[in-house]
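Thank you all for coming; I would like to walk you through one model this morning, going from the whole chain down to a few single residues. Please have the sequence and the structure open while I talk.

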Amino acid sequence: MRRLPEVLIEPVVRLALAEDLGRAGDVTAMACIPEDARMRAAFAARKPGVLAGIDCVRLAVLAMDPKASVDLSLRDGDAFDAGAVLAVVEADARAFLSAERTALNLVGRLSGVATLTRTYVEAVAGTKARIADTRKTTPGMRALEKHAVACGGGTNHRFGLDDAILIKDNHVAVCGGVAEAVRRAKAFAPHLMKVEVEVDGLDQLDAVLALIDEGAAPDVIMLDNFSLDDLCAAVARVAGRIVLEASGGVDLTTVRGIAETGVDVISVGALTHSAPVLDIGLDAL
């Protein structure tokens, strides 16, 4: 599993630590823990899951105690059972306790995203469909949450407004039609930038497909809130000429049926906006 560059992780970790430390630092640790005390503890899983964000643990601890020892037992993308030890840390006790909640918050959140993503990926196993995330991420956490999706076996949609053109219904409304919006986008896009358009019915799909003869077809068509019958019809009409993405109304009870229609990608906002935090705790050794 690829590692996320530390330059993307560290600002998030430091911001979370600063939020927790406030204006005076960890007054409980300073009041109760001897200044020279050391502590050894393990980050352990209370439930099974898929790991993501273990570098957040390491960076949070080292930010508070640069001389700490952090032994990572597993890597991002690894599956684990309840009771698994994810990391063992030995550090200055005050510093470690000050970093504990930030480390647990981040690794629990990100592992929750990875675990939910893996569940969706397994639900569509045997079909051609890939599970993709959306931009429905926690502000400031997008790079980490999209990394967690990849750890769970999902694929990343665009990261922001600047790396791909995605024409939605409101863009179409202002342009005066789906075909005109696509024409404008294709004329604007550099050669490395893909264009995707959202359609909400077979009539709009047909208008987009008519652009193929003009050489102005989009790279991807998003089929938004299509019924299963309409998804099957869309797959037949497109016949592999353009990548098809299904979105809207996707959950674990519907995703298999959507995948079996033959679409290429299924985007799921719930991967990041509704993933439960995975229960991970800290056990003193």
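How much area is buried between domain 1 and domain 2, and what share of that area do carbon and sulfur atoms give? Before I answer, a word on what we are looking at: this is a predicted model, in which local features need pLDDT of at least 70 and side-chain atom pairs count only at pLDDT 80 or more, while totals for chains, interfaces and linings use all residues. Residues are numbered from 1 along each chain as its sequence is written, and side-chain values use heavy atoms, with hydrogens and water left out.

Now the answer: the area buried between domain 1 and domain 2 is about 1300 Å², and carbon and sulfur atoms give 70% of it. Buried area here is the accessible area, taken with a 1.4 Å probe, that two parts lose on being put together, summed over both. On the domain 1 side, R109, L116 and T117 lose the most area to domain 2, and together they account for 40% of what that side buries. Domain 1 covers residues 6–117 + 276–284 and domain 2 covers 122–274, with bounds that come from an automatic or database domain assignment. The C-alpha centres of the two domains lie 36 Å apart, and 17 residues of domain 1 are in contact with 18 residues of domain 2, where contact means heavy atoms within 4.5 Å.

Residues 26–111 are 42% helix and 28% strand, with end C-alpha atoms 26 Å apart, whereas residues 113–283 are 39% helix and 16% strand, with end C-alpha atoms 23 Å apart.

Taking the chain as a whole, there are eleven helices and twelve strands, these being DSSP runs numbered from the N terminus, with helices (H or I) of at least four residues and strands (E) of at least two. The C-alpha atoms fill a box of roughly 75 × 35 × 25 Å along the principal axes. Of the 285 residues, 49% are buried, meaning under 20% relative accessible area, with exposed meaning over 50% and partly exposed in between (1.4 Å probe, protein chains only).

Let me turn to two helices. Helix α3, residues 54–64, has eight of its eleven residues buried, so it is largely enclosed by the rest of the structure. The buried ones are I54, D55, C56, V57, R58, L59, A60 and V61, and their cover includes α1 (6–21), β1 (38–45), β3 (69–72), β5 (85–92), α4 (93–123) and α5 (142–151).

In helix α8, residues 202–209, the buried residues are L202, Q204, L205, V208 and L209. They cover an arc of only 155 degrees around the axis, judged by the directions from the helix axis to the C-beta atoms, which puts them on the same side of α8. Among the elements covering them is α7 (178–188), and A181 in α7 is itself buried at 5% relative accessibility. Leaving aside neighbours within four places in sequence, A181 is in contact with I167, V172 and C175.

Finally, which loops hold N225 and A239? N225 is in the loop between β9 and α9, and A239 is in the loop between α9 and β10 (243–247). Most residues other than glycine have a negative phi, yet N225 has a positive phi of about 55 degrees, and A239 likewise has a positive phi of about 55 degrees. N225 is exposed at 53% relative accessibility, and A239 is exposed at 56%.
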